[in-house]
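Have the structure open beside you and try each task before reading its solution.

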Amino acid sequence: MRRLIGVRSLAAGLLALTASCVEAEVEAPPPPTVFVDAANLPGPGRGTRDDPFVRIQDGIDAAEAGATVEVAPGVYNEHVAMKSGVDVRGAGALRSAIVGDPDWGQSVVTFDEVSQATLSGFTITGRASKGLRAAMFVGAGTDASAVLARCVVWGTQYGVFVWSPSAPTLIHNTFAGRGLDEQGVYIGNQAAAPALRNNIVTGYQIGVHVVAGQADPPPHIAYNLVWGNGADYRNLPNPDGRDGNLSADPRFRGPDDVRLRADSPAIDAGDPDAPPDPAGSRADLGALPFSPAGDAAAGPRRRPRRCASGTAGRRA
């Protein structure tokens, strides 16, 4: 009887081991990283490390759900349509830029019914000689898992145009306007609930424009520096002094440089629950954490000027 029990126990153990081995064998490997490098001319490339795509959109189109598209330093003259389940990661806003043209579309980057996707580490702008509607358009059906992070945005009529009922997450970005007829973050047509956190918005005719006002659901605005716009907020009570929001000159390094000076009020002013900056300190506001050593020169080709109240311009 003892021998029979032992045989049964051994058989059960072997079955369990076999089942675990089968599970291990059928578990799918993570999707491969897709590589993009504008310098890999003449292209178009295959998306591998040794033969990267030349265009970001080719990388997105080829990427499987759960994959990351790694973009090398360079200037990418194209419009980009994001895809659910795919992250696109630039080499940093000082090193990777997406430059749009209105002949190709009305926005440089589009999130339309997208989820589980992050675009990070870019400067996003349009060709200086032509006006663009938006650096980023967010279509209806895009949820909070669609993220714009660590990007410098300038040179378009709208920094981000959020269409109801989408609710993207905008975190650690610098929106640098040039006055004129520009708006930093436009949330509109109907109530929508995007999350704005740890951003800098300055130099626009209107900084943050909430078309539906305080109607439900309202946007989530916390730990942002919004200053130097013709109107910092429209159709929304100014949250300065509440929820970590402040209104003060961000003190950029120079006319053509949106990095922070050592005396910037944006330093260590981010959400204390956010991941720390690379130096290990509390998060700074904006796309570019303060670095005493400095980095390559960056940002708009002209300083985002403070926009005087009452300056003429169309209202959306």
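**Exercise 1.** Find how many bridges join strand E16 to E18, and name the partner of Arg-197.

*Solution.* Start at strand E16, residues 195-197: three bridges join this strand to E18, and the two run parallel. Two strands pair if DSSP finds at least two bridges between them; strands (E, at least two residues) are DSSP runs, numbered from the N terminus. Next, look at Arg-197, whose bridge partner in E18 is Ala-222.

A word on the model: it is predicted, so local features need pLDDT of at least 70 and side-chain atom pairs count only at pLDDT 80 or more, while totals for chains, interfaces and linings use all residues. Residues are numbered from 1 along each chain as its sequence is written, and side-chain values use heavy atoms, leaving out hydrogens and water.

**Exercise 2.** Which strands are the edge strands of the open sheet?

*Solution.* First write the order of the eight strands: E1-E2-E5-E8-E11-E14-E16-E18, with parallel pairing. Then look for strands that pair on one side only: these are E1 (34-36) and E18 (220-222).

**Exercise 3.** Which residues touch the most other members of the largest nonpolar core?

*Solution.* Such a core is a set of buried Ala, Val, Leu, Ile, Met, Phe, Trp, Tyr and Cys residues joined through side-chain atoms within 4.5 Å; buried means under 20% relative accessible area (1.4 Å probe, protein chains only). Among the 48 residues of this core, the answer is Ile-56 and Ile-124. Strand E17 (residues 200-210) gives the most to this core, with four residues.

Definitions and conventions
Buried < 20%, exposed > 50% of the residue type's maximum accessible area, 1.4 Å probe, protein only.
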